[in-house]
Amino acid sequence: MLSKELLIGEIRKYNDPYYESFVGYPKTCQLSSEVWPIVFSTYAIDIVPQTLGVPQGEILARLNILQICSNNDYDIFIEIFTRAITQFTQMVASGMIMVFPHRLQGIPPPTPINLRPAFDAGMAGVTAKEFAEIFAEIVDTWYRTGTAVNIDTGITVFWS
Amino acid sequence: MHDEDEILGIKGITAENASAGVGFVIVPENIDIDLYKEDVYRSGRISIYGGYGHSNFYNILIDREALQRVAFPEKAGDMGSPVVWINIPKHNEPIVIATLKYDEDFNSLSEFRSRTTRETEGNLVDFDLDAKKGKVTLNIVGNDTTNGEFEVNINSRNGKGGFKIVVNGKLIEKVTDSIIKISEKQIANVVTDKKGVIVASFDLNSQEESRFTYEDEFGNAVIATEEKFNIRADKSSKIDFGDGAEPVVLAKTLKSLLDEYDDAFKKATFPTPMGPSGTRMNEQEFKKVRDKFEDFFSKLTNTD
């Protein structure tokens, strides 16, 4: 099941020294590009309906986020990060049909995700916990607009 | 005092029955002129041509003052300074009592003016007292081989000889080379106001703890001792180097502020899109720099 609280905790592991499970800041941008796909994976791994697309999504997300390391522009950062989570989510959706008995067609959220409010809040100086909460709220809300359609019955269910 | 007979004798040199006359300084024949001159100044006796109607008078007495103004001819047979001589009957010997203006003297004298000039071989000394102008002029000119010098020697057994110049106006010293003042004890220059209160003083002293001291009424001072060279501005509290466009840094205060800054910076985090950043990761590098903060302490200069 999707869990906003789980996502908040995963983010705080890497950005909030006041969090009891804080493991440390990624020391380089390259390490950061590995951490964020793991956060996405941990959040989406138990999505309902099930999917086999998470590992591939993780790879795509990493490749995208790596591009941030060579670009300090804030707008481009948001664009790349948005693309990373969007492509990750597309893999999550496309991985649903791969699950036996191969009857559910995953469909990503119909509207683009807007992460700018979370990043703007970060730049405005909110705490790491507050950022994690805002970010998780946006992602979780957006994820729950994703659907899966039973190709036999046509019944559609929202991701959860 | 000498008896006049001792000085002149009674036979003397014949003055040819004249009581006085005007003659000219001469140099005897067949004699070294320089040796002759030395002999004249040493003995106070000179040779003259006695003037029209007279012959030469050799080795006659000359007044000491007159002797100072005598000009000798360059060779035997020529005439030197015109002189006035008198003959004292009892002694029957002419005595030169005055010199008259010599043809080659170029200083015209006037009333209330006295001038003494000596010139030879391009050297000249000239002492001019002009009461009308209220002016005394001392001219000294050296030639190519002499320097032209003015020397005053003052000595006293108690070591308290003095030389005082008091001028109600300006005292100007102008030279083309150096002005060197040497003292075994102290050289001081003081400026006062009209009441005599010191407004600025400059002192070089071999006896005091401070070898060099400048002080003025504004509370400024420069004091040089063995331990330090001290510059003070107690009243204005301002010392400028050059235009003084920028203030001098207080090194200890700066170090203290940099320490504070570094302590704060050590804890600094920065907003990022994903929340505040962590603190700096290169702590060791910062520590190395901080350990060198005292390197900017001047070992030469201190200020308040």
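Eight residues from chain B and 15 residues from chain A form the contact, where two residues touch if their C-beta atoms, placed from the backbone, lie within 7 Å. On the side of chain B that touches chain A, strands S14 and S15 of chain B each give two or more residues.

This is a predicted model, in which local features need pLDDT of at least 70, side-chain atom pairs count only at pLDDT 80 or more, and totals for chains, interfaces and linings use all residues. Residues are numbered from 1 along each chain as its sequence is written, while chains are lettered from A and ligands numbered from 1 in the order in which they are written.

Helices (H or I, at least four residues) and strands (E, at least two) are DSSP runs, numbered from the N terminus.

| Element | Residues |
|---|---|
| H4 of chain A | 74–94 |
| H5 of chain A | 116–124 |
| H6 of chain A | 128–143 |
| S14 of chain B | 271–272 |
| S15 of chain B | 275–276 |

Now take H5(A). A:Ala118, A:Phe119 and A:Gly122 are buried there (20 or more other C-beta atoms within 10 Å of the residue's own; exposed means 12 or fewer, partly exposed in between). What covers them includes H4 and H6 of chain A, together with S14 and S15 of chain B. The face turned away from the buried side carries exposed A:Pro117 and A:Ala124. Just after H5(A), A:Gly125 takes a positive phi of about 100 degrees.
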